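Dear colleague,

Please find below the structure that I am handing over to you. A summary of the findings follows it.

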Amino acid sequence: MTKYKEEYYRLYHIHYIQYPDDCMENIYWLEKAARADFCNPRYVGFLIKDEKEWEKYRYLFMMHINLKLIEQHLRLGSIYDKQVIYFYDSPFKKQILENLEISLQCYKTALVYWDEAKVWYEKANGSSFNFLYITAKQEWEDERERIQNGKLNYERTIKREISRIEKNIEQLNQMSEKY
């Protein structure tokens, strides 16, 4: 029986080629992980030495889950996204608009998860955790550090994509169906 965050997180996996169903499956498992309880510190897969380390582990885990949810929503949105609108796309205007709306919704949802990830980042980056690094989860610590120094900023990327899609939708709406 799957019950804890760590167990749900283990069900998350990346396919070589991700179809929409694969992305949605991963989103499902990650959202279940975000809502579930943490397991006992004894069963996280590495030694948790004290309560302070346990607290930072939980903050980093939630930050990481939200970052993975962003990645999955961006990947799902990119499947439906038409990067460039050409004049000869007018006969397919309705289908393209439907796909762009799906893509836009995915990107807007990713933006919500970015706000959530920043909340957990702030908690994991608190002054009480100075000089406390969870080396067993170095990739999570690296994500935290990259958010801190601005190298990981999904907000900029997501807003750029949303702006581009809105321009594409506007361009399609102005297009006549003559081709």
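**Helix 2 and its surroundings**

Helix 2 comprises 16 residues and spans 23 Å from its first C-alpha to its last, close to the 22 Å expected at 1.5 Å a residue (the expected span being 1.5 Å times one less than the number of residues; helices are DSSP runs of H or I, at least four residues, numbered from the N terminus). This is a predicted model, in which local features need pLDDT of at least 70 and side-chain atom pairs count only at pLDDT 80 or more, while totals for chains, interfaces and linings use all residues. Residues are numbered from 1 along each chain as its sequence is written, and side-chain values use heavy atoms, with hydrogens and water left out.

Buried residues of helix 2 include Cys23, Ile27 and Leu30 (buried: under 20% relative accessible area; exposed: over 50%; 1.4 Å probe, protein chains only). Seen down the axis, the buried residues of helix 2 fall within an arc of 155°, so they line one face (the arc is taken over directions from the helix axis to the C-beta atoms). Asp21 and Arg35, on the other side, are exposed. The buried residues pack against helix 1 (5–11) and helix 3.

**Cysteines**

The whole structure contains 0 disulfides (pairs of cysteine sulfur atoms within 2.5 Å). For Cys23, the nearest cysteine sulfur is that of Cys106, 8.5 Å away. Cys23 has a relative accessible area of 0%.

**Contacts of Tyr154**

Beyond its neighbours within four places in sequence, Tyr154 is in contact with Leu67, Ile70, Glu71, Leu74 and Trp114 (contact: heavy atoms within 4.5 Å).

Yours sincerely

How values were computed. Helices (H or I, at least four residues) and strands (E, at least two) are DSSP runs, numbered from the N terminus.
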